Amino acid sequence: PAAAAHTRALPIYGTLWAWGANGSGQLGLNNNINRSSPVQVGTLTNWASVAAGGSYTMSIKTDGTLWAWGLNNFGQLGLNNTTTRSSPVQVGTLTNWASVDAGFVYSIATRTDGTLWTWGNNGRGQLGLNDVTNRSSPVQVGNLTNWASVAAGSSHALSRKTDGTLWAWGFNSTGQLGHGDDVDRSSPVQVGTLTNWTKMDGGGSYTMSIKTDGTLWAWGVNSDGQLGYFSYIYSPVQ
């Protein structure tokens, strides 16, 4: 995920720990004090997964509920407002959230029914809703029910379907969508035609992905050699 200078960890037993910058309450400790070592977030032991965004955090509990805290200037917490929170707040009342990731100021998630949801900043079409309108609460992307996993870059989004295909949309100035060009997309577009993608992650303006054969692929900006190559890559390269 496109995280800023704050960190989350989920040790055994489902406790949640945080440290680093905390100017927007993104550590979830009910204050704005920076921490240089891990501090437990509350006392609960049912945290299942966590994603760190620009200055905010999203997390899913073992009961399938979704929680958010930190900066909320674009509605990236999904709470139907733009109020910043310094401790975890539940997003809606549903108990079927399966995966979540946080971009710089937008969020993307799947539910157990295979549907895809996004919210927050949409200036580059990263919400996949075929427009550039911000949303402050989760909105379904299309009506398909075969989305399996998600990954958020800074302002571009990725999702894998159950058939192993990879889809990307949003900001594309350096080819981070893998479509062979630098044109932004405001709705999901398949990356190539392959059906053997298994994992992916989005950086600031680049993407990394793994196939079922264990090979690693990369594309997008490469100014600091983050792709392991010598120039920008506009399509997946092993």
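Predicted model: local features only at pLDDT ≥ 70, side-chain atom pairs only at ≥ 80, totals over all residues.
Q: Which residues point one way from strand β13, and which point the other way?
A: H156, L158 and R160 point one way, A157, S159 and K161 point the other way, and all are buried. Residues are numbered from 1 along each chain as its sequence is written, and side-chain values use heavy atoms, with hydrogens and water left out.

Q: Why is S59 called buried?
A: Buried means under 20% relative accessible area (exposed is over 50%, partly exposed in between; 1.4 Å probe, protein chains only). S59 has 0%, so S59 counts as buried.

Q: What makes S59 and S49 a polar contact?
A: A polar contact is a pair of N or O atoms within 3.5 Å; within protein, one must be able to donate a hydrogen and the other to accept it, and residues adjacent in sequence count only if both atoms are side-chain atoms. The S59 side chain reaches the backbone oxygen of S49 at 2.6 Å, so the pair qualifies.

Q: Why do β12 and β13 count as paired?
A: Two strands (DSSP runs of E, at least two residues, numbered from the N terminus) pair if DSSP finds at least two bridges between them. β12 and β13 have five, in the antiparallel sense, so they pair.

Key
Helix = DSSP H or I, 4+ residues; strand = E, 2+ residues; numbered from the N terminus.
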